[in-house]
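These are my notebook entries on a structure I had not looked at before. I went through it place by place and wrote down what I found.

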Amino acid sequence: MIKNYFKTAWRNLGKNRMHSFINIAGLSIGMTVAILIGLWIHDEVSYNKNFKNYDRIAQVIQNVTNNGEVQTWTNVPWPLADELRKNYGSDFKRIALGFYIGDHLLAVDDKKLKKTGGYFEKEAPDLFSLEMIRGNNSLADLSSVLLSASAAKAYFGNEDPINKVMKIDNELNVKVTGVYEDFPHNSTFADLAFISSWELIYNNTEWIRTMEDPWRPNAFTLFVQLNDHADFSAVSAKIKDAKLKKVNEQLAQKKPSLFLQPMSNWHLYSEFKNGVNTGGAIQYVWMFGIIGVFVLLLACINFMNLSTARSEKRAKEVGIRKTVGSSRRQLIFQFFSESLLTVTFSFALSLLLVQLLLSFFNSVSGKQMAILWANPFFWIISTGFIVFTSLIAGSYPAFYLSSFRPVKVLKGTFKAGRFAAIPRKVLVVIQFTVSIALIIGTIIVYNQIQFAKDRPVGYTRQGVITLPLNPEVHSHFNAMRDALIQSGAITSMAEAGSPTTATWGSSSGFSWKGKDPNLSIDFLNVSASYDYGKTIGWQIKEGRDFSRDFATDTSAVILNEAAVNFIGLKKPVGETITWWGRPLTVIGVIHNMVMNSPYDEPQPTVFDLSAGEQNITIAKINPSSGAKEAVAKIEAVYKKFAPDQSFDFKFADDEYAKKFAGEERISKLAGFFAILAIVISCLGLFGLASFVAEQRTKEIGIRKVLGASVLGVWNLLSKDFVMLVIISFVIAVPVAWLAMNKWLQGYTYRTDISWVIFLVAGLLAISIALITVSFQAIKAAIANPVRSLRTE
């Protein structure tokens, strides 16, 4: 019997080729979207799950009160590690401090490459469950370094790297004691190429060893592994005041409150507002999950619509089957077998499409995903996916078609009825509601990105280049600057504590006349050199720039507008503020510079000329020189003064563009899925238009004989579909507005949702629907009426 069901289903597929093609094409596209999104979601939710102690690892972070709001900091003071070991050790199995986790110059002889790495305490390798390939994971030797497999390959090829000597940042000699497997791409430490000893950097970093108050700088990362029976919330409550008990009275005003951020939350729940976790990437997991469900639903709707639309053509088949003894249950199984066969073909085709699209999808999403061919759960889920889709797509046709009464059908008195088309119209409305909502959402995401990109940044990004600042460059700064200017490569050069696209330092030591003694603040702080303002082209609002003509400028500061407004200075130029008790004169005010997130309000920032606090070199490329030519000249001069240093440069406009990478990725993905949703909807609309044109062949022939024009016939067949799209638009507008308005609330600096967006989306949807329907409408309108009437 089951064999007969599928044999009949196969014959029906071959008999109605256009109907089958539209169903299989629509379902395969819908399933392709669902599989791609499923792979993406799997990659997101499995983030960091490669760690053996995944459910026991956490990072110690803190909430502090600054500038009238609660901020969440991921860095802590370094003595906190020992404090937790000493007074809270019973709750922790391992504790590992990390420092300077970022890009370093790692060298072997003349081979010098930039690699991501960091300095960790000796328990880190076990805490992160490193899979060792060679050597051991011990950091007991202060000069030891552990390399990732890819880093070892890059430096030593097929040679054994164990006991080979390397140099970090041209300063620290280290010996390779182990090689570990690379972390997977969906890991927080995916790029971690080397791990060296915390004791090594501690012994060789004077400011860490000699600082007056080691609890003051929050520049270190602290990872912990809880004991098996410890609870994250309970331990967070215990250690809450561990820092507060150690800091001085001024820092205590910040009310530092420690807590544990479990590894399971690092990626998907990484955002905090006013000290409360507000989510993070999890919102996109939900968003794309919902999109995947709806796109698959659109494909199922096509199947339902086209199957029920052809009900009159299959009515006799149902009548005869029932007459010869088929029960309704058997007919339901027959129609479900057709659905299952169609979905199975569609799934096979969708796997092929996924394989073809995966490279493109990975490049857009920034992933390294692959179909999980060898994973049994993938096939179990796929089987369930096929059955579920078959039930959803085939349920309405199966129960609807099997309900026909054989007497009416065989007498020829069966008619679908004037209300039979209503369910199909409802389903079309649902299809286009989803499609239009996706179009609106995609446009709003794009507008938000462009709005932030077009935001005034308060300085000139074009032609600004940053270079490493090392002792050689710093000691020959003036000579190097003059040589570069003379070569025509640049027009100016300066040193700074951080680039224009980030801030690396802040201070709570600022005070001013009338400041509330209980007010805890934390102003961003950028230490610069002369010509900094000239080099980046910042915009002076009041006062003047730093100048060599004024010897007192070493005790002067320049504030941004946010700092002036926060302090409450009406006439800031000439006012005095103090920094850890040292008086500083305000000589200028600049317009706010967007140095961190382009979606947030600028933070109060203080610029000064503190010597020895600069970390990078910033230069302005000569506009009359091409970028490529200028970089070549800069490198030549740079190598002359720092021959042993790596020449790594970054353009400010490129670094600024990276700030939009996440949102642009979401925009591209949403656009990609919106296009596929529209394609699926149009396939269904095309099929329905074809059916309606076929059903009304005789009517169209009579109308043409009586003088109806092609335009009139086109209008007759198109208007109903256009009305459905208009209804979809009316429903989609408030739904999309509510969803996107909520999404925009996550950005302080955000665009408005203009009515033009809805108008464009509506016109686009109507135009696409008209183009889709018009092919069949015009084809029917220009057909010879004699043939259509003779056929009837």
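I looked up Ile726 and found it partly exposed, with a relative accessible area of 34%. (Buried is under 20% relative accessible area, exposed is over 50%, and partly exposed is in between, with a 1.4 Å probe and protein chains only.) Ile726 belongs to helix α25, residues 710-744. Helices (H or I, at least four residues) and strands (E, at least two) are DSSP runs, numbered from the N terminus. Together with Met723, Ile727, Val730, Ile731 and Val735, Ile726 makes a nonpolar surface patch of about 490 Å². Such patches take residues with over 30% relative accessible area and no salt bridge; like charges are joined within 9 Å, and nonpolar side chains (Val, Leu, Ile, Met, Phe, Trp, Tyr) within 5 Å. Accessible areas come from the Shrake-Rupley method with a 1.4 Å probe, and for residues only the protein chains shown count as cover.

I note that the model is predicted: local features need pLDDT of at least 70 and side-chain atom pairs count only at pLDDT 80 or more, while totals for chains, interfaces and linings use all residues. Residues are numbered from 1 along each chain as its sequence is written, and side-chain values use heavy atoms, leaving out hydrogens and water.

Is Thr535 buried or exposed? I found Thr535 buried, at a relative accessible area of 1%. Thr535 sits in helix α19, residues 532-536. Its side chain has a polar contact of 3.1 Å with the side chain of Ser492. (A polar contact is a pair of N or O atoms within 3.5 Å; within protein, one must be able to donate a hydrogen and the other to accept it, and residues adjacent in sequence count only if both atoms are side-chain atoms.) A polar atom of the Thr535 side chain also lies 2.6 Å from the backbone oxygen of Asp531. Leaving aside residues up to four places away in sequence, I listed what Thr535 touches (heavy atoms within 4.5 Å), including Val464, Met493 and Ile618.

Entry 3, strand β8. I checked β8, residues 172-180, and found seven of its nine residues buried. Strands pair if DSSP finds at least two bridges between them. Strand β5 (residues 132-135) runs antiparallel to β8, with three bridges, and Gly135 has Gly178 as its bridge partner there. Strand β6 (residues 144-148) is parallel to β8 over five bridges, with Leu147 partnered by Val179. Strand β7 (residues 165-168) is antiparallel to β8 with four bridges, and Met166 stands opposite Val174. In the β7 and β8 hairpin, three residues lie between the strands and Asp169 takes a positive phi near 55°.

Asp91 is buried at 10% relative accessibility, whereas Lys238 is partly exposed at 47%.

I also looked up Glu664 and Lys453, which meet at 2.4 Å, N to O. Glu664 is in helix α23 (residues 661-695) and Lys453 in helix α16 (residues 421-453), so the bridge ties together parts 211 residues apart in sequence.

Technical notes: Salt bridge = Lys/Arg side-chain N within 4 Å of Asp/Glu carboxyl O.
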